[in-house]
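Here is a short tour of one protein model, written to be read with the structure open beside it. Please keep the view handy as the sections go by.

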Amino acid sequence: LVTPAVLIPLVVFWLLISFAIWGGVLGLFLLLLVIPAVFRFQMIVLEARARGIEPATPDAEFFNWFGNAWSLFPVPISIVLIWAILASAENFGLAAAGGAAFLASVFFPASLAVLAITHSPLQSINPVAIARLMGRCGSTLWIATVFLFIACWLVYLVEPMPAMLASFMQLLLSFSFFSLVGSLIEPYRIVDEVYIPDALERNAEEVRGAIEKTR
(Lines give C-alpha, C1' and ligand atoms only; values in the text may rest on other atoms or scores of the structure.)
Protein backbone atom coordinates (compact mmCIF):
# COMPACT_ATOMS: atom_id res chain seq x y z
CA LEU A 1 0.00 0.00 0.00
CA VAL A 2 2.95 2.38 0.54
CA THR A 3 4.70 1.55 -2.75
CA PRO A 4 3.09 3.28 -5.77
CA ALA A 5 4.80 0.84 -8.15
CA VAL A 6 2.69 -1.91 -6.58
CA LEU A 7 -0.42 -0.05 -5.42
CA ILE A 8 -1.30 1.53 -8.80
CA PRO A 9 -1.11 -1.77 -10.77
CA LEU A 10 -3.07 -3.45 -7.97
CA VAL A 11 -5.91 -0.94 -8.37
CA VAL A 12 -5.78 -1.23 -12.19
CA PHE A 13 -5.93 -5.02 -12.06
CA TRP A 14 -8.81 -4.81 -9.58
CA LEU A 15 -10.79 -2.52 -11.91
CA LEU A 16 -10.11 -4.75 -14.93
CA ILE A 17 -11.24 -7.85 -13.02
CA SER A 18 -14.38 -6.00 -11.88
CA PHE A 19 -15.19 -5.02 -15.47
CA ALA A 20 -14.57 -8.62 -16.55
CA ILE A 21 -17.01 -9.94 -13.94
CA TRP A 22 -19.72 -7.60 -15.22
CA GLY A 23 -18.93 -8.04 -18.91
CA GLY A 24 -20.50 -11.39 -19.78
CA VAL A 25 -18.81 -13.10 -22.75
CA LEU A 26 -16.59 -10.10 -23.48
CA GLY A 27 -15.73 -10.01 -19.80
CA LEU A 28 -14.54 -13.62 -20.01
CA PHE A 29 -12.14 -12.61 -22.80
CA LEU A 30 -10.87 -9.71 -20.68
CA LEU A 31 -10.44 -12.05 -17.71
CA LEU A 32 -8.28 -14.39 -19.81
CA LEU A 33 -6.03 -11.41 -20.56
CA VAL A 34 -5.88 -10.12 -17.00
CA ILE A 35 -5.20 -13.41 -15.16
CA PRO A 36 -1.70 -14.00 -16.61
CA ALA A 37 -0.80 -10.34 -16.03
CA VAL A 38 -1.80 -10.58 -12.36
CA PHE A 39 0.26 -13.72 -11.68
CA ARG A 40 3.19 -12.43 -13.74
CA PHE A 41 3.27 -9.13 -11.84
CA GLN A 42 2.99 -10.90 -8.50
CA MET A 43 6.09 -12.93 -9.36
CA ILE A 44 7.85 -9.72 -10.44
CA VAL A 45 6.96 -8.19 -7.06
CA LEU A 46 8.24 -11.29 -5.24
CA GLU A 47 11.54 -11.27 -7.14
CA ALA A 48 12.01 -7.51 -6.69
CA ARG A 49 11.40 -7.80 -2.95
CA ALA A 50 13.90 -10.66 -2.79
CA ARG A 51 16.47 -8.38 -4.47
CA GLY A 52 15.54 -5.37 -2.33
CA ILE A 53 14.60 -3.21 -5.33
CA GLU A 54 11.48 -1.55 -6.73
CA PRO A 55 9.39 -3.81 -9.02
CA ALA A 56 9.14 -2.96 -12.70
CA THR A 57 6.01 -1.18 -13.93
CA PRO A 58 3.65 -3.52 -15.85
CA ASP A 59 3.44 -3.00 -19.61
CA ALA A 60 1.73 -4.72 -22.54
CA GLU A 61 4.08 -7.72 -22.29
CA PHE A 62 2.47 -8.66 -18.97
CA PHE A 63 -0.77 -9.54 -20.81
CA ASN A 64 0.96 -12.05 -23.08
CA TRP A 65 0.26 -15.72 -22.27
CA PHE A 66 3.49 -16.89 -23.95
CA GLY A 67 6.19 -14.54 -22.64
CA ASN A 68 8.13 -15.43 -19.47
CA ALA A 69 6.14 -18.63 -19.11
CA TRP A 70 7.89 -19.45 -15.82
CA SER A 71 6.02 -16.58 -14.11
CA LEU A 72 2.67 -18.29 -14.83
CA PHE A 73 3.63 -21.55 -13.10
CA PRO A 74 1.96 -20.51 -9.79
CA VAL A 75 -1.38 -21.05 -11.62
CA PRO A 76 -1.11 -24.85 -12.05
CA ILE A 77 0.52 -25.20 -8.61
CA SER A 78 -2.42 -23.35 -7.02
CA ILE A 79 -4.93 -25.49 -8.91
CA VAL A 80 -3.26 -28.73 -7.79
CA LEU A 81 -3.06 -27.63 -4.13
CA ILE A 82 -6.70 -26.48 -4.04
CA TRP A 83 -7.77 -29.76 -5.64
CA ALA A 84 -5.80 -31.72 -3.03
CA ILE A 85 -7.45 -29.82 -0.18
CA LEU A 86 -10.97 -30.28 -1.60
CA ALA A 87 -10.34 -33.97 -2.32
CA SER A 88 -9.10 -34.48 1.25
CA ALA A 89 -12.22 -32.83 2.64
CA GLU A 90 -14.52 -34.93 0.44
CA ASN A 91 -12.85 -38.28 1.09
CA PHE A 92 -11.41 -38.00 4.59
CA GLY A 93 -13.22 -35.13 6.35
CA LEU A 94 -12.41 -31.64 7.57
CA ALA A 95 -9.48 -32.74 9.75
CA ALA A 96 -7.71 -34.17 6.71
CA ALA A 97 -8.51 -31.05 4.71
CA GLY A 98 -6.99 -28.91 7.48
CA GLY A 99 -3.84 -31.05 7.40
CA ALA A 100 -3.64 -30.78 3.62
CA ALA A 101 -4.13 -27.00 3.83
CA PHE A 102 -1.30 -26.76 6.37
CA LEU A 103 1.06 -28.80 4.18
CA ALA A 104 0.12 -26.66 1.17
CA SER A 105 0.83 -23.53 3.22
CA VAL A 106 4.30 -24.89 4.01
CA PHE A 107 5.07 -25.99 0.45
CA PHE A 108 3.67 -23.06 -1.57
CA PRO A 109 5.81 -20.16 -0.23
CA ALA A 110 9.02 -22.20 -0.61
CA SER A 111 8.02 -23.26 -4.12
CA LEU A 112 7.39 -19.64 -5.15
CA ALA A 113 10.72 -18.57 -3.68
CA VAL A 114 12.60 -21.26 -5.64
CA LEU A 115 10.71 -20.23 -8.79
CA ALA A 116 11.69 -16.56 -8.34
CA ILE A 117 15.34 -17.49 -7.79
CA THR A 118 15.76 -20.04 -10.59
CA HIS A 119 12.98 -19.10 -13.08
CA SER A 120 12.61 -22.88 -13.46
CA PRO A 121 9.17 -24.51 -13.02
CA LEU A 122 10.85 -27.92 -12.59
CA GLN A 123 13.07 -26.66 -9.77
CA SER A 124 10.09 -25.03 -8.06
CA ILE A 125 8.54 -28.49 -7.50
CA ASN A 126 11.85 -30.25 -6.86
CA PRO A 127 11.74 -31.53 -3.23
CA VAL A 128 15.54 -31.27 -2.93
CA ALA A 129 15.59 -27.60 -4.04
CA ILE A 130 12.67 -26.76 -1.75
CA ALA A 131 14.32 -28.53 1.20
CA ARG A 132 17.59 -26.66 0.60
CA LEU A 133 15.75 -23.32 0.50
CA MET A 134 13.82 -24.10 3.68
CA GLY A 135 17.08 -25.11 5.34
CA ARG A 136 18.49 -21.67 4.51
CA CYS A 137 15.40 -19.53 5.12
CA GLY A 138 13.31 -21.62 7.50
CA SER A 139 13.80 -19.18 10.38
CA THR A 140 11.77 -16.54 8.52
CA LEU A 141 9.79 -18.43 5.86
CA TRP A 142 7.41 -19.88 8.46
CA ILE A 143 5.85 -16.39 8.68
CA ALA A 144 4.64 -16.79 5.08
CA THR A 145 3.06 -20.12 6.01
CA VAL A 146 1.13 -18.51 8.87
CA PHE A 147 0.13 -15.55 6.69
CA LEU A 148 -1.12 -17.81 3.88
CA PHE A 149 -3.14 -19.93 6.30
CA ILE A 150 -4.79 -16.81 7.78
CA ALA A 151 -5.26 -15.20 4.35
CA CYS A 152 -7.19 -18.23 3.08
CA TRP A 153 -9.50 -17.91 6.07
CA LEU A 154 -9.96 -14.17 5.43
CA VAL A 155 -10.76 -14.83 1.76
CA TYR A 156 -13.58 -17.07 2.94
CA LEU A 157 -14.80 -14.38 5.38
CA VAL A 158 -14.94 -11.57 2.79
CA GLU A 159 -16.86 -13.69 0.25
CA PRO A 160 -20.31 -12.40 1.42
CA MET A 161 -19.20 -8.78 0.90
CA PRO A 162 -20.18 -6.83 -2.27
CA ALA A 163 -18.35 -8.34 -5.25
CA MET A 164 -16.05 -5.36 -5.92
CA LEU A 165 -15.00 -5.02 -2.28
CA ALA A 166 -14.48 -8.77 -1.89
CA SER A 167 -12.36 -8.98 -5.05
CA PHE A 168 -10.21 -6.05 -3.90
CA MET A 169 -9.59 -7.64 -0.51
CA GLN A 170 -8.73 -10.98 -2.11
CA LEU A 171 -6.35 -9.33 -4.58
CA LEU A 172 -4.75 -7.31 -1.79
CA LEU A 173 -4.17 -10.45 0.30
CA SER A 174 -2.69 -12.23 -2.71
CA PHE A 175 -0.29 -9.39 -3.55
CA SER A 176 0.64 -9.05 0.12
CA PHE A 177 1.51 -12.75 0.27
CA PHE A 178 3.81 -12.63 -2.76
CA SER A 179 5.48 -9.47 -1.45
CA LEU A 180 5.94 -11.07 1.97
CA VAL A 181 7.61 -14.19 0.55
CA GLY A 182 10.12 -12.02 -1.29
CA SER A 183 10.89 -9.94 1.79
CA LEU A 184 11.44 -13.06 3.91
CA ILE A 185 14.18 -14.45 1.63
CA GLU A 186 15.77 -11.04 0.91
CA PRO A 187 18.07 -11.02 4.01
CA TYR A 188 19.78 -14.21 2.79
CA ARG A 189 20.64 -12.69 -0.64
CA ILE A 190 20.06 -16.05 -2.34
CA VAL A 191 19.03 -14.34 -5.58
CA ASP A 192 22.49 -12.74 -5.83
CA GLU A 193 24.14 -16.17 -5.70
CA VAL A 194 22.93 -16.93 -9.23
CA TYR A 195 26.00 -16.10 -11.34
CA ILE A 196 25.39 -14.45 -14.72
CA PRO A 197 28.56 -13.45 -16.63
CA ASP A 198 28.95 -9.80 -17.62
CA ALA A 199 28.06 -9.00 -21.22
CA LEU A 200 31.03 -8.55 -23.56
CA GLU A 201 31.41 -5.13 -25.15
CA ARG A 202 31.12 -5.12 -28.95
CA ASN A 203 34.00 -3.64 -30.88
CA ALA A 204 33.60 -0.92 -33.53
CA GLU A 205 33.59 -3.40 -36.42
CA GLU A 206 30.77 -5.43 -34.87
CA VAL A 207 28.76 -2.25 -34.28
CA ARG A 208 29.20 -1.16 -37.93
CA GLY A 209 28.17 -4.66 -39.09
CA ALA A 210 25.04 -4.49 -36.93
CA ILE A 211 24.15 -1.07 -38.36
CA GLU A 212 24.57 -2.35 -41.94
CA LYS A 213 22.46 -5.42 -41.14
CA THR A 214 19.71 -3.21 -39.70
CA ARG A 215 19.76 -1.02 -42.84
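Predicted model: local features only at pLDDT ≥ 70, side-chain atom pairs only at ≥ 80, totals over all residues.

A crossing counts as right-handed if the near helix is turned clockwise from the far one by less than a right angle, and as left-handed if the turn is anticlockwise.

## The overall picture

Let us begin with the whole chain. The protein chain has eight helices and zero strands, and its pattern along the sequence reads α-α-α-α-α-α-α-α. Along the principal axes, the C-alpha atoms of the protein chain fill a box of roughly 70 × 45 × 35 Å. Of the 215 residues in the protein chain, 36% are buried.

How far apart are the end C-alpha atoms of helix H2? They are 40 Å apart, and helix H2, with its 28 residues (24-51), should span 40 Å at 1.5 Å a residue, so the two values agree.

H2 packs with helix H7 (residues 163-185) at an angle of about 30°, and their axes are 6 Å apart. Because angles under 35 degrees count as roughly parallel, H2 is roughly parallel to H7. The crossing in which H2 passes H7 is right-handed.

Pro-36 is worth a look while you are here. This proline lies in helix H2 and counts as buried because its relative accessibility is 1%. Pro-36 and Leu-72 are 36 residues apart in sequence, while their C-alpha atoms are 6.4 Å apart in space.

## Helices H4 and H6

Now turn to helix H4 (residues 94-118) and helix H6 (residues 127-158). Their axes are 8 Å apart and they pack at an angle of about 125°, which makes H4 oblique to H6. Here, too, the crossing is right-handed, with H4 passing H6.

What classes of residue make up the contact of H4 with H6? There are 19 nonpolar residues and four polar ones, with no charged residues.

## The loop between H2 and H3

Two residues in the loop between H2 and helix H3 (74-92) can be read side by side. Is Thr-57 buried or exposed? Thr-57 lies in this loop and counts as exposed, because its relative accessibility is 60% and the cut-off for exposed is over 50%. Trp-70 is found in the loop between H2 and H3 as well, but Trp-70 is buried, with a relative accessible area of 11%.

Leu-115 gives a reference point for both. Thr-57 and Leu-115 are 58 residues apart in sequence, and their C-alpha atoms are 20 Å apart in space. Trp-70 and Leu-115 are 45 residues apart along the chain, with 7.6 Å between their C-alpha atoms.

Most residues other than glycine have a negative phi. Against that background, two residues deserve a visit. His-119 is not a glycine, yet its phi is positive, at about 60°. This histidine is found in the loop between H4 and helix H5 (121-124). With a relative accessibility of 34%, His-119 counts as partly exposed.

Where does Arg-189 lie? Look in the loop between H7 and helix H8 (204-214). Arg-189 counts as partly exposed because its relative accessibility is 29%, which falls between the cut-offs of 20% for buried and 50% for exposed.

## Aromatic rings

To finish, a look at the rings. The structure holds seven aromatic pairs. Ring pairs link Phe-13, Phe-41 and Phe-175 into a cluster. By residue number, Phe-41 falls within H2 (residues 24-51), and Phe-175 falls within H7 (residues 163-185). This cluster therefore takes in a residue from each of the two helices that pack at an angle of about 30°.

Note on methods: Residues numbered from 1 in each chain as written. Heavy atoms only, no water. Axes fitted to C-alpha atoms, helices over the stretch in contact; angles between N-to-C directions. Helix = DSSP H or I, 4+ residues; strand = E, 2+ residues; numbered from the N terminus. Parallel < 35°, antiparallel > 145°, perpendicular 65-115°, else oblique. Nonpolar A, V, L, I, M, F, W, Y, C, P; charged D, E, K, R; others polar. Phe/Tyr/Trp six-rings, centres within 6.5 Å; stacked < 30°, edge-to-face > 60°. Expected span 1.5 Å × (residues − 1). Buried < 20%, exposed > 50% of the residue type's maximum accessible area, 1.4 Å probe, protein only.
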